Amino acid sequence: MVRGSDIILILVAIIFPPLAAIMITGCGCDTLINILLTLLGYIPGHLHAFWLIYKKMKAEESFGPGGYTYLGNGNFVGNGPAYTGAPPPPPHGHQGHPQQQYYGSTQ
């Protein structure tokens with residue numbers, strides 16, 4: 001679903017693509033890439049900015065508005081409890097027994 005902020009981003013991307021990249025990604029690698037693409041030709045900068053806007057819209061669709069973090073390279077990850085990055089709990093029955101490691105073999 002297209003929101004008002006997405007329309008503003010699209011208008012900014014039409015006028016000055018690097019500013020749209022800064023608004024989405026902050027001051028980072030994607031902003032530098034967009035500036036270089038815009039200097040090489042106005043159309044490549046537009047395509048990159050529109051691609052970033054598309055990826056942001058997909059992240060909002062998947063994780064909800066504001067429920068994501070930008071990782072770089074057009075990748076977003078959710079901020080919800082299912083996306084904490086913590087390792088999963090051990091399977092039932094293995095709480096007190098550390099798993100034996102097999103160095104250099106499969107079992």
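## A walk through the helices and the hairpin

Start by selecting helix H1 (residues 4–15) and helix H4 (residues 42–63): their axes cross at roughly 170 degrees and come within 9 Å. Because angles over 145 degrees count as roughly antiparallel, H1 is roughly antiparallel to H4. Keep in mind as you go that this is a predicted model.

Now show the side chains where the two helices touch. On H1, pick Ser5, Asp6, Leu9, Ile10, Ala13, Ile14 and Ile15. Their partners on H4 are Tyr42, His46, Ala49, Phe50, Ile53, Lys56, Met57 and Glu60. Colour this contact by residue class and you will find 10 nonpolar, two polar and three charged residues.

An unreviewed UniProt entry lists residues 7–26 and 32–54 under "transmembrane region". Select residues 7–26: this span is 90% helix and 0% strand, with its end C-alpha atoms 18 Å apart. Then move to residues 32–54, where the span is 96% helix and 0% strand, and the end C-alpha atoms lie 19 Å apart.

For the last stop, head to the strands. Select S1 (residues 68–72) together with S2; the two run antiparallel and are joined by four bridges. Zoom in on Gly72, which sits opposite Asn75 in S2. Two residues lie between the strands of this hairpin, and Asn73 there has a positive phi near 60 degrees.

Finally, follow S2 (residues 75–78) and watch its side chains alternate.

Definitions and conventions: Residues are numbered from 1 along each chain as its sequence is written. This is a predicted model: local features need pLDDT of at least 70, side-chain atom pairs count only at pLDDT 80 or more; totals for chains, interfaces and linings use all residues. Side-chain values use heavy atoms; hydrogens and water are left out. Buried means under 20% relative accessible area, exposed over 50%, partly exposed in between (1.4 Å probe, protein chains only). Two strands pair if DSSP finds at least two bridges between them. Axes are lines fitted to C-alpha atoms, for helices over the stretch in contact, and angles run from 0 to 180 degrees between N-to-C directions. Angles under 35 degrees count as roughly parallel, over 145 as roughly antiparallel, 65 to 115 as roughly perpendicular and the rest as oblique. Contact means heavy atoms within 4.5 Å. Ala, Val, Leu, Ile, Met, Phe, Trp, Tyr, Cys and Pro count as nonpolar, Asp, Glu, Lys and Arg as charged, and the others, Gly among them, as polar. UniProt positions are given in the numbering used here, feature names are shortened, and annotations may be inferred rather than shown by experiment.
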